[in-house]
Each structure stands twice: as structure tokens, then as C-alpha cells.
Amino acid sequence: MHAPDDLSRPRLATLLRTMPKAELHVHIEGTLEPELIFALARRNGVTLPHPDVESLRRAYAFQDLQSFLDIYYAGAGVLLREEDFYDMAMAYLRRAAADNVVHAEIFFDPQTHTMRGVEFGTVIQGLARARHDARQALGISSELIMCFLRHLPEESAFETLAAALPYREHILGVGLDSGEVGNPPEKFANVFRRCRELGWHAVAHAGEEGPPQYIWNALYELKAERIDHGVRCLDDPRLVAYLAEHRIPLTVCPLSNVMLKVYPSMAQHTVAELLEAGLCVTVNSDDPAYFGGYVNENLVACFEALPGLGVREARQLALNSFEASFAPEGDKEAWRRRLDGVFGATENAG
Ligand code: ADE
Ligand code: ZN
């Protein structure tokens, strides 16, 4: 049911696109568009297993998380030099700013690159330069969250941490990604403890394909401040109550969930239910180059498919994205005022 103050669908879509928002769950390697993969392959003399952009795109038909990850890690193989990381991040930040993203907290997977012989410094210096330039040229603020690949041993995460230390001022927090089932959060309890001691924030992917117990363990064993995905919390009412009470944000990625068959279709996505349960849900793009859209396409797709979502929920999602971010309170206050400016215009509209 729509609230009485709801706008027509096209006007709601415009509102979703124009409202200021933060993006808190995007893997920078997942923003590598096929066109850029081919351009970087040419620049770096890398041979790709697909003859052209169209045939690469045709391979983006995923059965589950692992079938996606195989293609995603292969795509990242074209990233070799600092300017490659810069170009990728700049392209994302430009695209995000066009979606009225005012702030992005961006994941990167250093092990995907260091395992191929690319220096940690090459990765982070390219990303850091793009953050700086995007702030100057586009006014978008951004931060970096370093993810450990959970299919690798904790020892490899510790080696990555050692490589990151000279660049620690560029890093806001740590995360945990890659194949979830069989790689529970507690496998990384020691390295996360060390990272928290360094003053970094902690987040973790949990409850994407894995059970609610993985979410509990991310909270208790890793002290995760946000849960990435987390949609499977709905299988455990006690967990839903805990997440609501403690306002632990869930960074939900609707198009990703449909593409990776967590849900059979957008009409069956539970984002409206999660909001209804009082959770601090945010909508994000995860790997937009692979899943059919950036943050605005994710928002519009949910609101088109789910009748429980209207103007009130649009505003709530933007507010949640600011609340859930690790940005300074003063920035959050300024973004909320901008949001009021956009939503003020919808009052009494029908
Ligand atoms: N790495 C990139 N996208 C991911 C996802 N959706 N889940 C886990 N790891 C990922
Ligand atoms: Zn993710």
C-alpha cells in the first residue's frame, strides 16, 4: 500500500535520482565497466579471453556468488599500473556524483592485485589520487575500506595489513568479502582485532548467502559496525530485533541479490520488509558494472517492483545512508539539510 502522500511513479523515480545520498557498499573492482576492461587491456598489452565488449557482457550470467567472483577476479587482471587504479576510481566517482552521491565509502581488494605481483602502493596511490581529484572537481567525498578476501587464510590478511601500514592514513576501515559460505567471520578474528587497535572501523559481508549465525559472528567476533548485505537476518527474528535495537546498519544491494540469485526476482526482495522492521537499511550498488546499475538504478528498481516503498521510504533510505556512514557529524548534518531541500518540494504533492 502506498502512503497517501505518495507521488506518481515517474516523479518518485526523479526524487530517488535527485536526492542526495551516501553509497556505503561498492567494490571499486566491481565498477570496472567492460569498455574500460578492454581499454586497459589494450594499454597494458593484456590478452582477454573474450574478443569484444559484447561477448564479455554475455558472460555476465551468474548462478551464484562464486560464479560471479570467478569473472570479477579475472576482470581485475587488467589493472597493473597506478593510472589504471586512478582511471577506474575516477570513472566510478564521476558516475556516483552524477547519481547525487555526496559521499562514498569504497571497498578495495588489495589481495586481488598483490597476488598478481602489483605492489600495494600502486593500488592505493592510484585510488587516493582519484579520491582527491574527485573531491576537488566534483565535490564528492570518499573514503577507502580495505577488504580481506575470506577464501584466503588469515595469514594472508596479516601480510596485507603489514603492506597497508605505510599507507594507513588513506584507510578508514577494514571489511571482509569474497566467497562467504565455509569462510565464517571468526576465521579473521585476530586480524580484525589488530585492525581495530589501529583505530580502523570494521565492517563485514555477512548473511548474503551465509546463515544468520555468520551475522552474529561478524558482530561478536569481528565487532563489525555495519553488516554488508545481511539480508538473511530475516531467518532469525531475535537477530532482527538485535540489529534494530542497536541500529546496526545493513548495506543492502538489491540488483546484486537478484543477479546472484539470492532472490528470484526484485518483486521478492525483502528490502521493504527490512525497513518495515525498523532496521537501518541502505541501498547500494555492490558491483555496478556487473549487476546492471549504479545506486540510482538500484533504488529505482526496488521502488518499481515493491509496492511497500514510497516517498517516506525514499527519504528514510537517504537518511539511513548518512547515519550509517563513518563521516563526521557536521558533514551528516549538512547532507540532511540538502535532503530537506529536495523533500520540502514534495510536500502536499500527489
Ligand atoms: N566481492 C565483490 N562483490 C562481492 C559480493 N557481493 N559478495 C562478496 N564478495 C564480493
Ligand atoms: Zn559486496
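**Helix packing and aromatic pairs in a predicted model**

In this predicted model, R315 touches L339, D340 and F343, residues up to four places away in sequence being left out of the count, where a contact means heavy atoms within 4.5 Å. R315 lies in helix α16 (residues 311-324), helices being DSSP runs of H or I with at least four residues and strands runs of E with at least two, numbered from the N terminus. At 29% relative accessibility, R315 counts as partly exposed (buried means under 20% relative accessible area, exposed over 50% and partly exposed in between, with a 1.4 Å probe and protein chains only). The C-alpha atoms of R315 and T270, which are 45 residues apart along the chain, are separated by 18 Å.

Residues are numbered from 1 along each chain as its sequence is written, and chains are lettered from A and ligands numbered from 1 in the order in which they are written. Local features need pLDDT of at least 70 and side-chain atom pairs count only at pLDDT 80 or more, while totals for chains, interfaces and linings use all residues; side-chain values use heavy atoms, with hydrogens and water left out.

The axes of helix α8 (residues 154-164) and helix α9 (residues 189-197) come within 9 Å and cross at roughly 20°, which makes α8 roughly parallel to α9. Here axes are lines fitted to C-alpha atoms, for helices over the stretch in contact, with angles running from 0 to 180 degrees between N-to-C directions; angles under 35 degrees count as roughly parallel, over 145 as roughly antiparallel, 65 to 115 as roughly perpendicular and the rest as oblique. In this packing, E154, A157, F158 and L161 of α8 meet A189, N190, V191, R194 and C195 of α9.

The axes of helix α5 (residues 82-98) and α7 come within 7 Å and cross at roughly 35°. Among the residues making this contact are F85, Y86 and M90 of α5 and V123, L127 and L138 of α7.

Aromatic pairs number 16, a pair requiring ring centres of Phe, Tyr or Trp (its six-membered ring) within 6.5 Å, with planes under 30 degrees apart counted as stacked, over 60 as edge-to-face and the rest as tilted. F120 and Y167 form a stacked pair, at 5.8 Å centre to centre and 25° between the planes; F120 is in helix α7 (residues 120-138) and Y167 in the loop between α8 and β4 (173-177), 47 residues apart. F120 is buried at 5% relative accessible area, whereas Y167 is partly exposed at 21%. Ring pairs also link Y60, F62, F68, Y72, Y73, Y290 and F291 into a cluster.
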